[in-house]
Amino acid sequence: MGASLPPKEANLFKLIVKSYETKQYKKGLKAADAILKKFPDHGETLSMKGLTLNCLDRKSEAYELVRMGLKHDLKSHVCWHVYGLLYRSDREYREAIKCYRNALKRDPDNIEILRDLSLLQAQMRDLTGFVETRQQLLTLKPNHRMNWIGFAVSHHLNSNALKAVEILEAYEGTLEDDHPPDNERCEHGEMLLYKVSLLEESTSMERALEELHKKESKIVDKLDYKEQEVSLLVKLGRLEEGAELYRVLLSMNPDNYRYYQGLQKCLGLYAENSQYSPDEIERLDDLYKSLRQKYSWSSAVKRIPLDFLQGEKFREAADNYIRPLLTKGVPSLFSDLSPLYDHPGKADILEQIILELEYSVRVTGAYPGRVEKEPPSTLLWALFLLAQHYDRRGQYDMALSKIDEAMEHTPTVIDLYSAKSRFLKHAGDLAAAAALADEARCMDLADRYINSECVKRMLQADQVPLAEKTAVLFTKDGDQHNNLHDMQCMWYELASGESYFRQGDLGRALKKFLGVEKHYADITEDQFDFHSYCLRKMTLRAYVEMLKFQDRLHSHAYFHKAAAGAIRCYLKLYDSPIKSTSEEDDDMSKLLPSQKKKLRQKQRKAEARAKKEAEGKNEESNVTGVSKSGKRPVKPVDPDPHGEKLLQVEDPMSEATKYLKLLQKNSPESLETHLLSFEVNMRKQKILLAFQALKQLLRLNAEHPDSHRSLIKFFHKVDLMPAPTTDTETLIWSVLGAERPLISQLQGNSLVEANMNFLKNHQDSLMHRAAVAEVLYLLEPGRKSEAIALIEDSNNNMVPNTNGALGPVREWKLKDCVTVDKLLKTYLVDDAAASRWEKRCAEYFPYSTYFEGSRCSAVPGSAYNQNGSANHADHEHNAGSIAVNGNMEAFKDLNIQS
């Protein structure tokens, strides 16, 4: 480095390197300029100056200088290494790897370059290259522990666990007396547990257990030691020893559900589907009774039996479990019990128990069969539990009645307002739900969770400006919603994006959805620093788990929602393209002079309003953005805050395809993935790809309405296609001709017959009938009245009481009825039928604002309208109202009932 320079300049070059490493960039630039004054063509100095400028965000100058330096000294490993570092800083990892390889051709044994290359190979999952580089590092520096560990991990990641074990054993052989220094005992113990896990992974169970026992004294983490030991014992079939060890673990932590599950497995009393014979239930009951005597303070030992007990025993156990938690006032009790609603018959028993407890406490002040009086709050929590129970069973009238009673009993409990907000959301009154959530928020302005729940309700009610003002109350320095993006607040961005999509604002919706996608790209990049950190700190098992998690990162539900949302935006953009400036001018020229004047005035007002908002935000950020040191942090200004540039894409379908490929790779078992694939490829005229998506839909769920709709639409389009003229078209026709007879729904049937057969199989389902109606109108537009009759003749029957999870409620869901209404309005285009449908649904969903039910906040005179819910829906809510500590007038004369 700097070898071709005279001694004085060579020392200056070392100063540049040191200044870069210590982040004293101005000092480094000064030294570089001093060298370049005498040697303007010195390649390595030019490169280092470029690297320093890159750290000062002067990227274009940095690339120019580094390329100039490389041009002047093409054989310098420093220039190539710096070029690689520049690419790495811009996340251009493949280009960086090429630069590092070129640097290694000039200096094959450079430790720094090899280490940087190995990190990039781990990041890019170039596992073969990773093994080679780690081996080279170990050969060059065999006395460095990190090189041994890195080489072992590289083989493990490359699916060679036994080779990794050999390397770790060779490393142990280099230690004096096979014992690490005292200050490295924890790291060494972690390495030994990692070695045992490698043996377990390679199915060498006996050897793994032997190794674990042999190294017991050197493993510091005794809990992990016992958990690893019991795992091996179970896999070896030594169940008695496993059971004993699980009992030891339970004595250490009697609330760990995994230990109870493991103990059941060892005793042969565990079933994945929770289906047990009467004899097994008896044995399990005896087991948990004995454990309950031992660990009487444990909640798990009381809760787990509720999963397998039946009938009267379940009733007794549930009653004993619920009573103390109601007395104590545990708001999360219903969340704890909610999985039981999926067990046949248990929801009915729970309802009987809660009703009996509530009645007894209300009338006598004590539980049934008890003389000791309960505190007044017990009735409150009994009502709260009962309200949540009715909500879970779909009986919203009862749920709202009980929660109102609880609020009358004690108006100061915030959980009641949050729960009522949730019930109203389920019932369909989103505006009233948002108003109640805001009331709950105002009762405790320091609670971030309640604030977030309020924001979510506002976004569901499409009150985006108000939601934004509420959300930023908890951001740093009260900064605007950009701060929420920096915090990777994905639930907010998804809910906001979905709200904008519902309102037809595709630019802002895309902005939010793509923001979430960027978070996942950032999470992928965030693993980079851990490749060296975890090897240094010896957190090897956690490191490998983290890499596995990163490999399946894009299968996460939030990413799926964001990608699907972005694709839907692009589909809508393709179907209804944004008008260009010239097209808008053409439209303007067709207007009358008076209309033109009005339109221009409206545009000017909108621009002035937007400018005023932007100035207000800038002033706010200027006031609040000053740090303690007096300096104002410079934040990059978003050049496209409303996503307008995102709408100016030339080919929306190619953009949609990018995200579609990620969904196909990471969510192949999702029906929505293949439905979106079908829609995209049909628009792109990619017939075989659309057919591939259709086959996946039929594989996942052939009876789903969307699968049926796609099947008929596809073959209807194929039937309308002209005869093939090219070899490609002939090939496509031959493939479809061979595949069509294999589809069971179409065997020997026309498309109309297949549609009617589908109706026969799903007579009682609203959404299936709607799909049949839509397809019927597509195939035979003249039968429109028959298609509408198919929908209107649907019956809203009572839900069959199969497992008792739902109460006496009807089958139709609000979401489905809204979808049908939109189908009548936009596809079948029959306003009279839509009006009849809305009137009918308003009776079934009296709280629905969409259908303007009799009890919703949109109807003047309803309870929730009087409460102020309708006023809360107004988007012109001033910011000052947010800071007020709620409407506390109601709490002045509180009367707590006993």
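Among contacts in the chain between residues at least 6 apart in sequence, 60% join residues at least 24 apart, where contact means heavy atoms within 4.5 Å. The model is a predicted one, in which local features need pLDDT of at least 70 and side-chain atom pairs count only at pLDDT 80 or more, while totals for chains, interfaces and linings use all residues. Residues are numbered from 1 along each chain as its sequence is written, and side-chain values use heavy atoms, with hydrogens and water left out.

| Helix pair | Angle | Distance between axes |
|---|---|---|
| α11 (residues 185-201) and α13 (residues 222-235) | about 15° | 11 Å |
| α26 (residues 448-460) and α29 (residues 490-502) | about 15° | 9 Å |

The axes are lines fitted to C-alpha atoms, for helices over the stretch in contact, and the angles run from 0 to 180 degrees between N-to-C directions. Angles under 35 degrees count as roughly parallel, over 145 as roughly antiparallel, 65 to 115 as roughly perpendicular and the rest as oblique.

From α11, the residues Leu193, Val196, Ser197 and Glu200 make the contact, and from α13 they are Asp224, Tyr225, Gln228, Ser231, Leu232 and Lys235. These contact residues comprise four nonpolar, three polar and three charged, where Ala, Val, Leu, Ile, Met, Phe, Trp, Tyr, Cys and Pro count as nonpolar, Asp, Glu, Lys and Arg as charged, and the others, Gly among them, as polar.

The helices α26 and α29 are likewise roughly parallel to each other. In their contact, Ser452, Val455, Lys456, Leu459 and Gln460 of α26 meet Trp491, Tyr492, Ala495, Ser496, Ser499 and Arg502 of α29, a set that divides into five nonpolar, four polar and two charged residues.

Helix α7 (residues 111-124) has 14 residues, which at 1.5 Å a residue should span 20 Å, and its end C-alpha atoms, 20 Å apart, agree with this; the expected span is 1.5 Å times one less than the number of residues. Because 10 of its 14 residues are buried, α7 is largely enclosed by the rest of the structure. Among these buried residues are Ile113, Leu114, Asp116 and Leu117, and what covers the buried residues of α7 includes α5 (77-89), α6 (93-106), α8 (127-140), α30 (506-526), α31 (530-537) and α32 (540-551).

For helix α36 (residues 652-666), the buried residues include Pro652, Met653, Glu655 and Tyr659. The buried residues of α36 pack against α30, α32, α33 (557-575) and α37 (671-683).

Turning to the loops, lysine 23 lies between α1 (7-21) and α2 (25-38), and its phi is near 65°, a positive value in a residue other than glycine. Lysine 23 counts as exposed at 62% relative accessibility. Aspartate 57, in the loop between α3 (43-55) and α4 (59-72), also has a phi near 65°, and aspartate 57 is exposed, with a relative accessible area of 67%.

Key. Helix = DSSP H or I, 4+ residues; strand = E, 2+ residues; numbered from the N terminus. Buried < 20%, exposed > 50% of the residue type's maximum accessible area, 1.4 Å probe, protein only.
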